[in-house]
Amino acid sequence: VQLQASGGGLVHPGGSLRLSCATSGSMFGINAMGWYRQAPGQQRELVAGITVGGSTNYADSVKGRFAISRDNAAIYLRMNSLKPEDTAVYSCYAELYSGTYWGQGTQVTVSS
């Protein structure tokens, strides 16, 4: 299983970005997918997750601003009203019966 994240970049405060995570390989036994982020000097934080049944969960800090969605073997993270504190490397993951798989991160920088 391989995951490929994309869509990061530099955006002004209040702006929007859409991250994508494409997958390849067998996704048999998938339970959930989602996004983590890690800012310099900080612990990794779960941003959003979505189960195979479509249930979603979000970090309190992004509720109402971010939206996770799924389309077959890909997931997306729509990020609105971005704040400087959202600056981090965002990584996608997939939880399967066989284990948890990670994609490489994509940098999101929110700065004026």
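Analyst: The torsion about the S-S bond of Cys-21 and Cys-92 is about 65°, so this disulfide is right-handed. Its two sulfur atoms lie 2.1 Å apart; a disulfide is defined as a pair of cysteine sulfur atoms within 2.5 Å. Cys-21 belongs to strand β3 and Cys-92 to strand β9, so the bond ties together parts that are 71 residues apart in sequence. The structure holds 1 disulfide.

The model is predicted: local features need pLDDT of at least 70 and side-chain atom pairs count only at pLDDT 80 or more, while totals for chains, interfaces and linings use all residues. Residues are numbered from 1 along each chain as its sequence is written, and side-chain values use heavy atoms, leaving out hydrogens and water.

Both Cys-21 and Cys-92 are buried. Buried means under 20% relative accessible area, exposed means over 50%, and partly exposed lies in between (1.4 Å probe, protein chains only).

Strands are DSSP runs (E, at least two residues), numbered from the N terminus, and two of them pair if DSSP finds at least two bridges between them. In general, strands of a sheet pair through backbone hydrogen bonds, either parallel or antiparallel. Here, 4 strands form an open sheet in the order β1-β3-β8-β7, with antiparallel pairing. Its edge strands, each pairing on one side only, are β1 (2-6) and β7 (66-71). On average, neighbouring strands of this sheet are turned by 15° against each other, direction ignored; the angles, on a scale from 0 to 180 degrees, are taken between N-to-C directions of axes fitted to C-alpha atoms.

Strand β3 (residues 17-24) is joined to β8 (residues 74-79) by 6 bridges. Within this pairing, Leu-17 stands opposite Met-79, and Leu-19 has Leu-77 as its bridge partner. The pairing of β1 with β3 is also antiparallel and runs over 5 bridges, including the one between Gln-2 and Ser-24.

Now consider the side of Cys-92. Ser-91 lies in strand β9 (residues 88-96) and counts as buried because its relative accessibility is 17%. Leaving aside residues up to four places away in sequence, Ser-91 touches Gly-34, Trp-35, Tyr-36, Trp-102, Gly-103, Gln-104 and Gly-105, where contact means heavy atoms within 4.5 Å.

Two of these contacts, Tyr-36 and Trp-102, also belong to a cluster that ring pairs form with Tyr-93. Rings of Phe, Tyr and Trp (its six-membered ring) pair if their centres lie within 6.5 Å; planes under 30 degrees apart count as stacked, over 60 as edge-to-face and the rest as tilted. By this rule there are 3 aromatic pairs. The rings of Tyr-36 and Trp-102 have centres 5.2 Å apart and planes at 55°, so they form a tilted pair. Tyr-36 is in strand β4 (residues 30-38) and Trp-102 in strand β10 (residues 99-102), so this pair ties together parts 66 residues apart in sequence. Tyr-36 counts as partly exposed, at 21% relative accessibility, as does Trp-102, at 36%.
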